[in-house]
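Subject: Structure handover

Hello,

Here is the structure we talked about. My notes on it follow below.

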Amino acid sequence: MPSKKRILFVDDEQKVLDGLRRLLRSMRSEWEMIFASGGEEALQILKEQSCDVIVSDLRMPGMSGDQLLAKVRRRYPGIVRLVLSGQADKESILKCVGPIHQFMQKPCDEETLKTTISRALEMGDLFADESLKSIVTELESLPSLPSHQQELMAQFQMPEVSPKLIGESIGRDLAMTAKILQLVNSAFFGLRRHVGSPAEAVLLLGMDTVQSLVTTMQVFSQIAPDEIRGFSQDKLLLHSAAVATVTKKIALSEGLTHEEAEVACLAGLLHDVGKLVYATNRPEQYAVAIAMARSEQIHIEEAERCVIGASHGEIGAYLLTLWAFESPIVDAALYHHSPNRHGGSGFSILTAVHVADAIVRHNSTYNHTDKLNVDYEYLDRIGLVDRLSVWQEACSHAA
Ligand SMILES: [Fe+2]
Ligand SMILES: [Fe+2]
């Protein structure tokens, strides 16, 4: 039997802890739940035993939730950090958007709590080695290109600036897109649906909040990845943006609604986010993996598994899960190089991203006569091999 996962709940109000204990009674066979009435007590517990997830209140006397979670991040980077709190102002949310993976708002129903915690735990099980998880969990933010950040800051000063313009700028940078959507989709903003486009996020959050967020990100993510032979952040961004455009075209040609096509576009933009995680957090090992893929002519995911222990797809999917992205976006990151491992039948966002990735790579090589590098067995299984030429035609001008 697999060992129980350990979840630590922290709240200064005893009745909240009692309520959580009652609410999650049905999970007792799977989770060992520990309750602490404050930050100091929580840190003491963590000294004595390891935990998989910590769920903390934000406003507590003494040590606040964001202070506690920042300490947890530094001392125990492998723990998933969630907040369960009452109303909080934008200011305090922005303060903790770095150290925190997800927000839940009180009162929180049983289903939301169980699903949020379970999803983070399940995705973590992908990794055989605990240290692999912390490649993602220790991360506060991904690096944006300084030139993008400067461009954005300049746009905020323009008299004719609009949420659409800012949204489009953000949409060209996957680190900023990921962060802003993590924030807008956090429960604190009380939205009942998932926001899928940066422009909509800007509209909902307001320009001043977005500006503060970009400034905050500038502080903790200015460090561009060290020089890694064979990796360029610039090229990755161009590739990601092109895959996003092509994915959207394919989605629309298959009759997806405009809203679904926006989600597909986002999945395309974020499919290789794991590469950015590696470039930021494991640059030396990532450089070895890139060199190995080249010299031994093996797939980059195979080389990454060999050198680091996990593929960029797995690492990216874990990050997107922790940051509360929807399943189709997570699945697209996880399976974009091996779609047949995903059991789904018929067309999906994953299909679009997998094909778009191949089309963009094909269009950017000199030898256009080569066969498209897609998984034909997968396309055959879902009955869509015939659509390939249609998609290629629809996307012939995007690279
Ligand atoms: Fe990839
Ligand atoms: Fe890619």
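Please keep in mind that this is a predicted model. I start with L388, which sits in helix α21, residues 388-394. L388 counts as partly exposed because it has 16 C-beta neighbours inside 10 Å; a buried residue would need 20 or more. Setting aside neighbours within four places in sequence, the contacts of L388 are L372, V374 and L379. I359 lies 29 residues from L388 in sequence, and the C-alpha to C-alpha distance between I359 and L388 is 9.9 Å.

Next, the chain as a whole. The protein chain contains 21 helices and 5 strands. Its radius of gyration is 21 Å, close to the 21 Å that the globule rule gives for 399 residues, so the chain is as compact as a globular protein of that length. The C-alpha trace spans about 65 × 60 × 40 Å along its principal axes. Of the 399 residues, 43% count as buried. For contacts with a sequence separation of 6 or more, 68% are between residues 24 or more positions apart.

On the strands, I looked at β3, which covers residues 53-56. V53 and V55 point one way from β3, while I54 and S56 point the other way. All four of these residues are buried. β3 is joined to β1 (residues 5-10) by 4 bridges, and the two strands run parallel. Within that pairing, S56 of β3 is the bridge partner of V10. β3 is also joined to β4 (residues 80-85) by 4 bridges, again in parallel. Here V55 stands opposite L82 of β4.

The last item is helix α10, residues 198-205. Its buried residues are P198, A201, V202 and L205. Seen down the axis of α10, these buried residues fall within an arc of 100 degrees, so they line one face of the helix. After α10 comes G206, with a positive phi near 90 degrees.

Regards

Notes:
Residues are numbered from 1 along each chain as its sequence is written. Chains are lettered from A and ligands numbered from 1 in the order in which they are written. This is a predicted model: local features need pLDDT of at least 70, side-chain atom pairs count only at pLDDT 80 or more; totals for chains, interfaces and linings use all residues. A residue is buried if 20 or more other C-beta atoms lie within 10 Å of its own, exposed if 12 or fewer, and partly exposed in between; C-beta atoms are placed from the backbone. The arc is that of the directions from the helix axis to the C-beta atoms. The radius of gyration is taken over C-alpha atoms; the globule rule is 2.2 Å times the number of residues to the power 0.38. Two residues are in contact if their C-beta atoms, placed from the backbone, lie within 7 Å. Two strands pair if DSSP finds at least two bridges between them.
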